[in-house]
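Subject: Structure handover, with notes

Hi there,

Here is the structure I promised to pass on. Could you have a look when you get a moment?

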Amino acid sequence: MDRKKILIAGGGIGGLTAALSLHKAGFEVMVYESAPEVKPLGVGINLLPHAVRVLTNLGLQEAMAEVAVATRELIYFNKFGQKIWGEPRGMFAGYHWPQFSVHRGTFHMLLLQKVKDVIGAESVFTGHHLLSCENKGAGVSAVFNDKKHDRQVTVEGDALIGADGIHSVVRKQFYPVEGIPKFSGVILHRGTTIAKPFLSGSSMIMAGSRSKKFVAYPITKPDKDGNQLINWIADLQVSEDENIMVRDWNRRADKAKLLEQFKSWEFPWLPIPSLINNSEAIYEFPMSDRDPLPQWSFNNISLLGDAAHPMYPIGSNGASQAILDAECLAECFERYDDVATALKEYEAIRLAATANIVLQNRKMGPEEVMQIVEERAPNGFDNLHDVISQEELDAVSARYKKIAGFELEALNQKQ
Ligand SMILES: Cc1cc2nc3c(=O)[nH]c(=O)nc-3n(C[C@H](O)[C@H](O)[C@H](O)COP(=O)(O)OP(=O)(O)OC[C@H]3O[C@@H](n4cnc5c(N)ncnc54)[C@H](O)[C@@H]3O)c2cc1C
């Protein structure tokens, strides 16, 4: 049997994990990344145990454990800092794998280094922006703009995977009239601040509700002065007309405006105003997604990660689901010799599963409990269970874990 050559458009988290998974399964892979140089961009992300399992099988857990924080617990509060719900996470909850909170850029660079070490630096072509692709004969043909040499190059292979993010060119080719991503009405403000640890030192917290929410978690271990890099996200609902910004991950936000909104959120366990005030840069991004698609795989071309299923960053699933796609893709290629059949099977397994999460995240996913409490007790509460029962709290959490595929017992049965 010949060794299949798989082209991956996009060297982000999904594309690089797919490259590692496909290489491990014995395929030849080439990654074409639009950026002239891969830089450690972004702020914090979370990787759930099901995704860490995949990374562990790719030999990355040790390196991850060095640069990431193993998240101990997740706690939801209302806007007055009153606790609604808390649960242990990752290995602290009994999973065989941790939940990692990590700087996206650090994780991305680690993945890239692994690809270079294991597959070879010559397998990654930076400065190559995919312009178009087509099924051709028994394989595919893709045209890239080679930015460094200011020329177009045509590459042929057996399959092409569009891992080219929320503005995917591959997706647009099959869905030309889809338009821009759908705005949720919420602007995300993302920042990092060097600060003393809060709560357990590896806690993830969320406070507020849909229209005004604050999320914080550390993404580095304490330094010699006992400080950590705390990642935070402040969500603010705006009117539809205010959605004039470009979906650029690196757009700067106004600190003073944000501080004004959160000035009273001074909790004894986390002084949010000073976290905002002492931050370095703050980036703003309109929280957006796209409707689930009816089809990802078109003969020998398919989609993966944000190109396939961009979702709200709720429930820590964006990067995790791209990683799960990568594992499934490689397994399908191993199982079926015919490329189109493998990609159809990959779609059959992953499309409905991720579409469910996209839709569930529109309803706030597991954070629904914060919205319920806000609606029932907008001025706070004396006794939480007068507002929401423990059964209701437990049910929301359990339902989301099932939808997102990280139910404890089911996951722990896997290798
Ligand atoms: C610069 C940047 C910063 C981000 N910061 C955060 C963050 O702080 N927190 C968070 O939760 N999520 C962030 N994300 C999104 C997050 O990485 C994804 O939601 C998730 O990891 C899924 O990964 P993905 O590989 O599908 O998409 P992405 O990580 O977005 O990767 C897509 C890759 O494709 C490349 N690309 C795009 N178009 C083309 C093309 N035509 N040809 C070739 N390559 C192309 C992009 O340069 C990028 O490297 C960021 C994404 C980017 C690109």
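First, the ground rules. This is a predicted model, in which local features need pLDDT of at least 70 and side-chain atom pairs count only at pLDDT 80 or more, while totals for chains, interfaces and linings use all residues. Residues are numbered from 1 along each chain as its sequence is written, and side-chain values use heavy atoms, with hydrogens and water left out.

**The ligand.** There are 29 residues around the ligand, and G14, E33, V43, R104 and D306 come nearest (a residue counts as near if one of its heavy atoms lies within 4 Å). By class, the shell has 11 nonpolar, 13 polar and 5 charged residues; here Ala, Val, Leu, Ile, Met, Phe, Trp, Tyr, Cys and Pro are nonpolar, Asp, Glu, Lys and Arg charged, and the others, Gly among them, polar. At least two shell residues come from each of α1 (13–24), β3 (44–47), β9 (128–136) and α8 (318–335). These labels are DSSP runs numbered from the N terminus: helices are H or I with at least four residues, strands E with at least two.

A polar side-chain atom of E33 sits 2.6 Å from a ligand oxygen atom. For R190, a polar side-chain atom lies 2.8 Å from a nitrogen atom of the ligand, and L130 places a backbone N or O atom 2.9 Å from a ligand nitrogen atom. Taken alone, the ligand exposes 910 Å², of which the protein buries 87% (Shrake-Rupley areas, 1.4 Å probe).

**The sheets.** β2 (residues 28–32) runs parallel to β8, joined by 2 bridges, and V31 stands opposite V124 in β8.

The other open sheet is mixed, with 7 strands ordered β6-β5-β14-β15-β16-β13-β19. Within it, β5 (residues 73–77) and β14 (residues 203–209) pair in the parallel sense over 5 bridges, with E73 opposite S203.

**A helix pair.** The axes of α9 (residues 339–362) and α12 (residues 390–404) come within 9 Å and cross at roughly 145°; axes are lines fitted to C-alpha atoms over the stretch in contact, with angles from 0 to 180 degrees between N-to-C directions. Contact means heavy atoms within 4.5 Å, and the residues making it include A353 and I357 of α9 and Y400 and I403 of α12.

Best wishes

Notes. Polar contact = N/O pair within 3.5 Å; in protein donor to acceptor, adjacent residues only side chain to side chain. Pairing = 2+ DSSP bridges.
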